[in-house]
Amino acid sequence: MKAFLGIALAVFIAGAFTSCVRTSTVVKLEKDGSGEIITRYHFSPQVTAFLEQVEAMGPRAGIPMEAANLGLIREIMTPDEEGLTADAKNYGEGVSYSRHEIGKDTEGWEGYIVVYDFDDIRKIVIDQNTLPGKAKELMEASGQAPAARKGGSLRFELEGDLLTIHSSLADGNVNEIVNGDQLSKAKEMGMKPSEAIQMAANTTQGMRTGFFVRVVPGIAETNAEHTTGDLIILSDAEISKVLKDPDFGAFVDEATEDPEGVDLEKVKELFRKIEGMTVELAEEVTVRFQ
């Protein structure tokens, strides 16, 4: 029974981590193709408070803490240099750990910022499926399958002063936000998928995810739709706002009932008007350096 409680806690906390995290990845690129990957992971105060309660409750309740993977969870929130160095390979060849800082963001979410160096942008892959540090172990230990996630990715080409970004983030954002298993369960319960999504929105308050490219010394010209100075916004989503958007709910209901009827143009139209989401819709973004 105690072991079962520990496993149940692990499953619950793993779910909380996937719905209460803020993450952003910025690729800072120099004209010679070298640069930095700056990634932020921060977890909500509610997750931190819950974790502290479980840690305090465990010994009194006789729950084995190793079964609940609390040590593993703490490592995810406060990773060491060794673990982050091992993560460098997730981004491709020639990537090396530079530095990291553990602490809170401006709104009190706890986590860390890590910076990696790279020599050649053409060898870099930014993949939404990639999980940091010990997060993959936690998901697997809780019976969830990270490999089943369907996120998008970024790949790069550089010829002279012309950068080409190949992006599948638009498709990946739909797959990340809409959980097919949850929607199937909702239908079994007689709920519309949009109703299930509205319920899920309450557990994602403050959650945000984004991918950006910063061009140094600046952008001479680009076909990117969303830019701010030298920053290209490839994807930026406030998850709770997205899930609460009525246009998004209607889209999910339609897609669930008639998957073949949802084409690329409908997806593009949705992303242009949906609240809380900015997505670069072009599959190829070109950028000329200053």
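Y116 is buried, with a relative accessible area of 1% (buried means under 20%, exposed over 50%, partly exposed in between, with a 1.4 Å probe and protein chains only). This is a predicted model, where local features need pLDDT of at least 70 and side-chain atom pairs count only at pLDDT 80 or more, while totals for chains, interfaces and linings use all residues. Residues are numbered from 1 along each chain as its sequence is written, and side-chain values use heavy atoms, leaving out hydrogens and water.

**The rings.** Rings of Phe, Tyr and Trp (its six-membered ring) pair if their centres lie within 6.5 Å; planes under 30 degrees apart count as stacked, over 60 as edge-to-face and the rest as tilted.

| Pair | Centre distance | Plane angle | Class |
|---|---|---|---|
| Y91 and Y116 | 5.4 Å | 50 degrees | tilted |
| Y97 and Y116 | 6.5 Å | 75 degrees | edge-to-face |

Y91 comes from the loop between α5 (81-87) and β3 (95-104), and Y116 from strand β4 (residues 110-118), 25 residues apart. Y97 sits in strand β3, 19 residues from Y116. Y91 is buried as well, at 10% relative accessible area, and so is Y97.

**The strands.** Helices (H or I, at least four residues) and strands (E, at least two) are DSSP runs, numbered from the N terminus; two strands pair if DSSP finds at least two bridges between them. Strand β2 (residues 35-43) pairs with β4 in the antiparallel sense over nine bridges, with V114 in β4 as the bridge partner of T39. Nine bridges also join β2 to strand β1 (residues 21-29), again antiparallel. Eight of the nine residues of β2 are buried. In the β1 and β2 hairpin, five residues lie between the strands, and G33 takes a positive phi near 95 degrees.

R22 stands opposite H42 in β2. The charged end of R22 also sits over the ring of W109, 4.0 Å from its centre (the cut-offs: NZ of Lys or CZ of Arg within 6 Å of the ring centre and within 35 degrees of the ring normal).

**Helix α11.** What caps the N-terminal end of α11? D245 does, with a side-chain oxygen 2.8 Å from the backbone nitrogen of D247. The 12 residues of α11 (residues 246-257) should span 16 Å at 1.5 Å a residue, and the end C-alpha atoms are 17 Å apart, which agrees (the expected span is 1.5 Å times one less than the number of residues). F248, G249, F251, V252 and D253 are buried in α11.

How values were computed
Polar contact = N/O pair within 3.5 Å; in protein donor to acceptor, adjacent residues only side chain to side chain.
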